[in-house]
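Biologist: I would like a close look at one part of this model. Please go through how its pieces lie against each other.

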Amino acid sequence: MKKIGIACDHAGYEMKEFLVGCLAAKGFEVLDFGTSSEESVDYPDFAHQLGEAIDKGELEIGVGLCGSGEGMAMTLNKHQSVRAGLVWCNEVAGLIRQHNNANVVVLPARFITNDEAMQLVSTFLETPFEGGRHERRVEKIKLQ
């Protein structure tokens with residue numbers, strides 16, 4: 001069983017709950033970093049928990065959700081081991097894996113449906129990193 005982390009704010013809560021069920025049905029052990037309701041919260045509080053788990057090596061891959069996805073992506077990308085990419089279509093969901101070796105997919109919960117979200121997550125999870133010339137570029141992302 002593969003582990004995957006998931007984190008959201010209030011805008012992504014309903015979609016997160018849907019994704020947790022879908023991912024568990026696909027055999028994933030889902031580590032839910034919250035939030036746990038639609039009550040207004042601050043997305044960095046939950047993004048940092050997911051990012052820290054990846055930094056510590058407790059997880060290799062994750063999903064982040066907030067209203068636009070932008071705040072969650074910005075916060076997650078502050079973590080040295082995280083390469084988070086905001087996606088809204090299947091092509092981008094595949095490219096962030098193929099070319100950037102992204103390890104967190106970020107979804108704009110207010111702009112896509114639950115079914116679209118699961119399709120994007122599936123594409124992300126099923127797409128391998130191409131390596132090659134992209135490996136050199138990915139290695140240049142981290143600050144020394």
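How do helix 4 and helix 5 lie, roughly parallel or roughly antiparallel to each other?

Modeller: This is a predicted model, where local features need pLDDT of at least 70, side-chain atom pairs count only at pLDDT 80 or more, and totals for chains, interfaces and linings use all residues. Residues are numbered from 1 along each chain as its sequence is written, and side-chain values use heavy atoms, with hydrogens and water left out.

Helices (H or I, at least four residues) and strands (E, at least two) are DSSP runs, numbered from the N terminus. Two packed helices are described by the angle between their axes and the distance between the axes. Axes are lines fitted to C-alpha atoms, for helices over the stretch in contact, and angles run from 0 to 180 degrees between N-to-C directions.

Take helix 4 (residues 90–98). Its axis and that of helix 5 come within 8 Å and cross at roughly 30°. Helix 4 and helix 5 are therefore roughly parallel to each other. The cut-offs are these: under 35 degrees is roughly parallel, over 145 roughly antiparallel, 65 to 115 roughly perpendicular, and the rest oblique. Helix 4 passes helix 5 in a right-handed crossing. A crossing is right-handed if the near helix is turned clockwise from the far one by less than a right angle, and left-handed if anticlockwise.

Which residues meet? Asn90, Ala93, Gly94, Ile96 and Arg97 of helix 4 meet Gln119, Leu120, Thr123 and Phe124 of helix 5. Contact means heavy atoms within 4.5 Å. Val92, Ala93, Gly94, Ile96 and Arg97 are buried in helix 4. Buried means under 20% relative accessible area, exposed over 50%, and partly exposed in between (1.4 Å probe, protein chains only). The buried residues of helix 4 also pack against strand 4 (84–86) and strand 5.

Helix 5 (114–126) has another partner, helix 1. Here the angle is about 50°, with the axes 10 Å apart. That makes helix 1 oblique to helix 5. This crossing, too, is right-handed. The contact on helix 1 is made by Glu14, Met15, Phe18, Leu19, Cys22 and Leu23. On helix 5 it is made by Asn114, Asp115, Ala117, Met118, Val121 and Leu125.

In helix 1, Tyr13, Met15, Lys16, Leu19 and Leu23 are buried. They cover an arc of only 145° around the axis, which puts them on the same side of helix 1. That arc is of the directions from the helix axis to the C-beta atoms.
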